Amino acid sequence: MTCTRPHILFASATLAGLSACAPQTGADVTREGGGFEPKYAGVDTRLLEGDLVNFHVAMTGARDERDVHAYAECAAAQYALIRGFGFARHVRTTTDNQGDLWSGDAVYTISAALPRGLKTIDAEVIVANCEDNGIPTV
């Protein structure tokens, strides 16, 4: 069967439209890398100053640093909700890999109103997404 140009354009437009609906979090478990069986080893949370919070996460079975980022984001979102805030802004995340053990050191600000910046998250939306994807929160 030969594929004509209109079919290619339709398929491209459909895929582009679907990708625009993808969630903004790193918690996408549909990425390539079959056999994904993560084990989440816990979160250590530290209030640094005012609204600045540090999250240390650890896990095994991560496919790459994006899984560690997603775990830290889930912890930050739940922490914001626990503290009565609805939003968080990602400041930075560093990851390390020692064999199968992955760790992350993430910093977020939490706030009641949507903070300025590009890396903001709506805590309720992210927590729901984490639950849907089986990623634990705080």
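How many bridges join strand β2 to strand β4, and do these strands run parallel or antiparallel? The legends below, which describe a predicted model, begin with this pair.

**View 1. Strands β2 and β4.** Strand β2 (residues 52–60) and strand β4 (residues 101–111) run antiparallel and are joined by 9 bridges. Within this pairing, V53 stands opposite Y108 in β4. In general, strands of a sheet pair through backbone hydrogen bonds, in either a parallel or an antiparallel manner.

**View 2. The open sheet of 5 strands.** The strands follow the order β1-β2-β4-β3-β5, with antiparallel pairing. At the edges lie β1 (39–49) and β5 (120–122), each of which pairs on one side only. On average, neighbouring strands of this sheet are turned by 30 degrees against each other, direction ignored.

**View 3. Helix α3 against the sheet.** Helix α3 lies across β3 (87–98) and β5. Relative to β5, α3 runs at about 75 degrees. Helix α3 (residues 123–132) also carries C130, one of the two cysteines shown in the next view.

**View 4. The disulfide of C74 and C130.** The structure holds 1 disulfide, formed by C74 and C130 with their sulfur atoms 1.9 Å apart. The pair links distant parts of the chain, 56 residues apart: C74 belongs to helix α2 (residues 65–82), whereas C130 belongs to helix α3. Because the torsion about the S-S bond of C74 and C130 is about -90 degrees, the disulfide is left-handed. Both C74 and C130 are buried.

Key: Residues numbered from 1 in each chain as written. Predicted model: local features only at pLDDT ≥ 70, side-chain atom pairs only at ≥ 80, totals over all residues. Heavy atoms only, no water. Disulfide = S-S within 2.5 Å. Helix = DSSP H or I, 4+ residues; strand = E, 2+ residues; numbered from the N terminus. Buried < 20%, exposed > 50% of the residue type's maximum accessible area, 1.4 Å probe, protein only. Pairing = 2+ DSSP bridges. Axes fitted to C-alpha atoms, helices over the stretch in contact; angles between N-to-C directions. Contact = heavy atoms within 4.5 Å.
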